[in-house]
Protein chains: 2
Amino acid sequence: MAIPTTPPSGFRDFLPDAAAVRAHAAEVIAGVYRSFGFQRIATSAFEDLAVLLGKGGGENEKLIFKVMRRGEQLEKAKAAGEELADMGLRFDLTVPLARYYSKYGSTLPHPFKAFQLGPVWRAERAQKGRFREFWQCDADVIGSDAWHCEVEVISALVTAVTRLGVEHPRVLINDRSLVYALLEQAGVEPDRRLAACVILDKLDKLERGQVLAELTALVGEPAARSLEASLLAEAPDLALLRAAAPAAVDRLEKIVAALRALSAKPESFVLQPSLMRGFDYYTGPVFELHHPSLSSSLGGGGRYDRLTEKFGGQPVPACGGSIGFERLLLILEESGQAPGTSAPDAVVTVFSEELRLPSLQLAARLRAAGLAIDVYPGSGKLKAQFKYADQKKAAHCLVLGPDEAAQGLVKVKEMKTGAEEAVKVDELAARLRR
Amino acid sequence: MAIPTTPPSGFRDFLPDAAAVRAHAAEVIAGVYRSFGFQRIATSAFEDLAVLLGKGGGENEKLIFKVMRRGEQLEKAKAAGEELADMGLRFDLTVPLARYYSKYGSTLPHPFKAFQLGPVWRAERAQKGRFREFWQCDADVIGSDAWHCEVEVISALVTAVTRLGVEHPRVLINDRSLVYALLEQAGVEPDRRLAACVILDKLDKLERGQVLAELTALVGEPAARSLEASLLAEAPDLALLRAAAPAAVDRLEKIVAALRALSAKPESFVLQPSLMRGFDYYTGPVFELHHPSLSSSLGGGGRYDRLTEKFGGQPVPACGGSIGFERLLLILEESGQAPGTSAPDAVVTVFSEELRLPSLQLAARLRAAGLAIDVYPGSGKLKAQFKYADQKKAAHCLVLGPDEAAQGLVKVKEMKTGAEEAVKVDELAARLRR
């Protein structure tokens, strides 16, 4: 029986071109986050199960890949009928950030602007576009409730994706407390408000009429009509919203106004009162990035103020956002103009045993000039070496034969056209850069 | 009970400065590997247990962090008394590379020059300087037995570490087949040769006399005296070595000569006939990078020709090397001049509610000019904002007060000296770059 050569279900390998694009995208995102004053952090891939489960355990437990105890500890746990795992893989970057800030917060700048890029692992059923290992790209401000933190986080996310050549996303912005206030104002019973939020959250999947029908069934016609005017209006009625939650609307308006003032695409930033952004830990403003070629969001985030509570700390105001890295990669691949390349600038051929060292020396000289230069990693016919240069998608092949070597020349073959030209070694780097 | 805030034993978090240095080092290494024509690949963190265990299982099994089956599968396995884990974390990047090449080899350039950077996980007991999660930085050439592959791999490794400002390492080079030939020639019985290799491998830990004594005890005095002259000589006697293994020595000499010809430090490359580089899968030439501040090697590698066999493929000639990333980081940290920084070029203060948007706009303008600009993520006294700029190790603080804003000026505060100067907004980017 041969051993399998495919990665486990839901896991992926990346061929050179894809790996180059991913690495390039991660570098660009990190560079943009850094240019906004966020500092890179890195946390361990494994966490104690208690950290991942939190106090409650609950829904997260199903997401966690658990790591088995080892050796004696495993035998003991088996004998005692106890938990056989002692650690688990992180399923997001937010729980580790909370642990990190709880531990190191007093030694960090205050407020703390952090970013982390890296893989997370989720024990979900693998399906098209959903993986069990995928990257997250988080940027967070911890320890401040200033409204311009949201502006900086959203700007950083938008700048990162547009820097990669992706069309400017549409950014939907809301505040959850506005939704709660409107539900109360519409007279929705407290015990039906969560269910109403679940229905509102379907607005990007269902038609507006369908959402309204579901709301009507849940809260009755008068309340549903009130919500239609406040939450579901095509163009939000600001006076109506402000009457329900003046502080939240004031804050939202400042955030949206600043984002518009800072952007070349001011119309991309939209207040959408029905936006809930799922049901996780957000407590105030929330936002989502949308791109025309994606049915789900390209990223998002919001404000969450109960971050470090579970580690026994004081509640700390915080706000953060994340780019959906895998979805971003989908867009980059589909656009066919994915930046980042695995191709060298040129492949140097190895003409003969005698010319092997001169070929290596030529490559060293061009590398020192900042070029990416491959040397054919073998020996043999030039035809095979040209084929290799094609496979590497090199723009040029550099042939250093005995005649060229004797005259201080190199034959430059343009791989696209097949055109050949003898170039002086001194002029070669400049020629390849053209 | 509060939940723990430290990562599990043997795992690490990285504070911003350390995380910045690590990311920078990884980028530089990747850039150098790429400039040598190696193409980045990425493999999954999880592997099927069968891939990690190989056909034999054996020693590797203890290294593997196993991932528990989930849900029904776990219950079934428990009931049947079967293996409770279905996957494991990769413990190196070589086994995944072998799987990768077995699966995708026919679609890849031939020969294939690959590199991969990333974390691996080992279930070893944590101790000082040994971690259970650490990075590896591998570069490999698969499908070629040309001797200049070794030259390219070794050059790439040395270029990468020196590009980071690390002193040029001493590179020891050998060929295992030379050791085997010398043992045979000395008349060491076949069943004692492995034990003799184990003793030779201690040469970097023990004194020469001690190694010789152990050898004498194992193989008798005449054989030990022969090995003293061939394997343990301070300056290798090339004639003696060539007589034992002409092909291996010829190849080694070409490799060393090319490395010297290509290097500004030719004396760094040394043929050391006793070098074994452990007892893993190497089959021919081996090499190690040594740095004066490390007791163990900074990296190494060699030729291995049985890479893809366990996946049912033909044997493929291959050669690769790896930089000890964690040890490299130790050197960078100890040198006190670690490149890579988490500091922004400047922090823009937030003077008042009215000046919040102008501060954000100033930052956006400077970022567009390529600078890393933080905006104080809060509001409040300037004193706290200056303290924040200090904590961020920013070189400058930019104060935009009402007077400055009215005149198109910004007050630039040098954080080191405290000196302040009013600068025109138009000239600010150039001023900060000085």
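1. Basis of the model. Residues are numbered from 1 along each chain as its sequence is written, and chains are lettered from A, with ligands numbered from 1, in the order in which they are written. In this predicted model, local features need pLDDT of at least 70 and side-chain atom pairs count only at pLDDT 80 or more, whereas totals for chains, interfaces and linings use all residues.

2. Domains. In chain A, the domain assignment gives domain 1 (170-290) and domain 2 (346-433); such bounds come from an automatic or database assignment. The centres of domain 1 of chain A and domain 2 of chain A, taken over C-alpha atoms, are separated by 62 Å.

3. The eight-stranded sheet of chain A. Helices (H or I, at least four residues) and strands (E, at least two) are DSSP runs, numbered from the N terminus, and two strands pair if DSSP finds at least two bridges between them. In chain A, 8 strands form an open sheet with mixed pairing, in the order β1-β5-β6-β11-β10-β9-β7-β8. Strands β1 and β8 (269-271) of chain A stand at the edges with a single partner strand each, so one side of each lacks a neighbour in the sheet.

4. Pairing within that sheet. Strand β1 (residues 39-40) of chain A runs parallel to β5(A) and is joined to it by 2 bridges; A:Gln39 stands opposite A:Ala114 in β5(A). Strand β6 (residues 133-142) of chain A pairs with β5(A) in the antiparallel sense over 10 bridges, and A:Val120 has A:Phe134 in β6(A) as its bridge partner.

5. Cover of β5(A). Of the 10 residues of strand β5 (residues 112-121) of chain A, 8 are buried, where buried means that 20 or more other C-beta atoms, placed from the backbone, lie within 10 Å of the residue's own. Helix α1(A) lies across β1, β5, β6 and β11 (318-324) of chain A and runs at about 165 degrees to β5(A). Axes here are lines fitted to C-alpha atoms, for helices over the stretch in contact, and angles run from 0 to 180 degrees between N-to-C directions.

6. The five-stranded sheet of chain B. In chain B, 5 strands form an open sheet of mixed pairing in the order β13-β12-β14-β15-β16. Its edges are β13 (373-375) and β16 (420-424) of chain B; each has a single partner strand, so one side of each is left without a neighbour in the sheet. Strands β14 (residues 396-399) and β15 (residues 409-414) of chain B pair in the antiparallel sense over 4 bridges, with B:His396 opposite B:Glu414 in β15(B). Helix α16 (residues 425-433) of chain B lies across β12 (346-348), β14, β15 and β16 of chain B, at about 125 degrees to β16(B).

7. Symmetry. Chain A superposes on chain B by a rotation of 180 degrees with 0.0 Å of shift along its axis (RMSD 0.0 Å), by least squares on the C-alpha atoms of residues with pLDDT of at least 70 in both. The two copies are thus related as by a two-fold rotation axis. Among the residues of chain A, A:Val67 comes closest to the rotation axis, at 2.3 Å (C-alpha). The same surface serves both copies, as 100% of the contact residues of chain A recur in chain B.

Key. Buried ≥ 20, exposed ≤ 12 C-beta atoms within 10 Å, placed from the backbone. Contact = placed C-beta atoms within 7 Å.
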